[in-house]
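The sequence and the coordinates are shown first.

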Amino acid sequence: MDTYTAIINPMSGGGKNAGRWIKARRLFAAAGAQVVEIFSDGPGNARKIVFEKASEGERRFMAAGGDGTLNEVLSGIMDYVSSDASAKASDFYLAVVPAGSGNDWIKSHAVPSNVEGSVELVMAGKYSQQDVVKVSSSKGDLWMVNVAGAGFDADICRRVNALKAMGSAGKMIYLKALIWQLGNMKSPEVEVIADGRQVFSGRFFSLSAGTGKYSGGGMRQTPDADPRDGLTDVTIIPMRVFPRIFLHVWKLYSAGFQTIPHIIPLKCRTLELIPLSGAQVSFEVDGEDAGDLPARLEVWPDRINVLCGL
């Protein structure tokens with residue numbers, strides 16, 4: 001087995017990841033795996049570490065944590081790929097030992113949520129290629145490996161992160177945040193341009209754009225997303241749909257979500273989100289605060305290899 005550089009976030013899962021990683025370490029050692037451990041010590045640290053290691057020639061990485069840790073590791077890889085004309089995303093392998101509150105990315109790739117199952121999958125060397133999306137926002141160049149959102153979706157993200165900062169953990173914090181935001185919703189105006197064509201302009205409730213199917217602790221706002229089709233799936237919810245969302249909120253967790261009338265689903269390679277009338281519209285990428293709109297998303301021309309149980 002090739003050597004992995006494992007980036008461990010000990011605070012993932014409400015601080016429970018340290019214990020999970022000790023278990024994973026024992027399993028890898030028993031299987032004879034070569035794993036170099038590096039513990040991240042704060043937001044953005046993992047991204048810098050991975051960039052440095054990629055610059056030194058490392059090509060196999062493992063994210064031990066939640067979706068935020070996975071995004072940071074992916075971002076470090078892609079920062080390097082975009083800075084070196086000779087590097088390709090397909091040169092890299094990205095594994096995961098999940099330990100977050102939501103663990104949404106793994107659901108699209110059939111990666112087990114338990115330590116034993118994920119370690120076994122890593123040892124089996126099962127990988128599939130996945131699209132990566134470059135995101136330009138008020139926080140600079142970012143990278144997306146799962147789902148980004150604007151409006152209500154991003155407001156939930158900020159609320160969830162605030163709850164985590166107060167010590168909350170578990171999947172219920174996503175539902176709590178959703179319920180809270182329903183009572184404190186906004187109605188901003190936005191223009192949406194997909195592959196150079198305007199597809200929406202007006203007041204909207206929420207917008208999701210993803211290569212993965214799941215976000216927000218299991219919500220399926222992009223249920224038809226294919227991580228390997230070279231496109232980003234987009235779901236726009238105009239404000240006039242809000243009453244139906246409120247009555248059928250359970251559909252956010254089912255594949256039938258897009259059957260609600262007037263919801264706008266589409267696929268594209270490039271996506272531009274532009275706030276109108278001076279609106280301040282929140283934006284998130286893979287569950288992390290990405291500032292406010294405007295933003296541009298573009299599918300990277302090359303795919304990265306990711307752990308996959310399918």
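## Burial and basis of the model

A residue is termed buried under 20% relative accessible area, exposed over 50%, and partly exposed in between, computed with a 1.4 Å probe on protein chains only. Helices (H or I, at least four residues) and strands (E, at least two) are DSSP runs, numbered from the N terminus. By these criteria strand E4 is largely enclosed by the rest of the structure, because five of its six residues are buried.

The model is predicted: local features need pLDDT of at least 70, side-chain atom pairs count only at pLDDT 80 or more, and totals for chains, interfaces and linings use all residues. Residues are numbered from 1 along each chain as its sequence is written, and side-chain values use heavy atoms, with hydrogens and water left out.

Two strands are taken to pair if DSSP finds at least two bridges between them.

Five bridges connect strand E1 (residues 4-8) with E2 in the parallel sense, and Ile-8 is placed opposite Phe-39 of E2. E3 and E4 also run parallel, joined by six bridges; here Ala-64 faces Val-97 in E4.

## Helices on the sheet

Contact means heavy atoms within 4.5 Å.

## Aromatic pairs

Rings of Phe, Tyr and Trp (its six-membered ring) pair if their centres lie within 6.5 Å; planes under 30 degrees apart count as stacked, over 60 as edge-to-face and the rest as tilted. Seven such pairs are found in the whole structure. The pair Phe-51 and Tyr-80 is edge-to-face, because the ring centres are 6.3 Å apart and the planes stand at 70 degrees. Phe-51 belongs to helix H3 (residues 45-55) and Tyr-80 to helix H4, so this pair ties together parts 29 residues apart in sequence. Phe-51 is partly exposed at 31% relative accessibility, whereas Tyr-80 is buried at 10%.

Tyr-93 and Tyr-127 are also edge-to-face, with centres 5.2 Å apart and planes at 90 degrees. Since Tyr-93 lies in strand E4 and Tyr-127 in strand E5, the pair ties together parts 34 residues apart in sequence. Arg-60 lies over the face of Tyr-93, at 4.0 Å from the ring centre; the criterion is NZ of Lys or CZ of Arg within 6 Å of the ring centre and within 35 degrees of the ring normal.

## Thr-232 and the cysteines

Thr-232 is located in strand E11 (residues 232-238) and is buried at 2% relative accessibility. Beyond its neighbours within four places in sequence, its contacts include Val-133, Met-144 and Cys-268. Cys-268 is itself buried, at 0% relative accessibility, as is Cys-308 at 4%. The structure holds zero disulfides, a disulfide being a pair of cysteine sulfur atoms within 2.5 Å.
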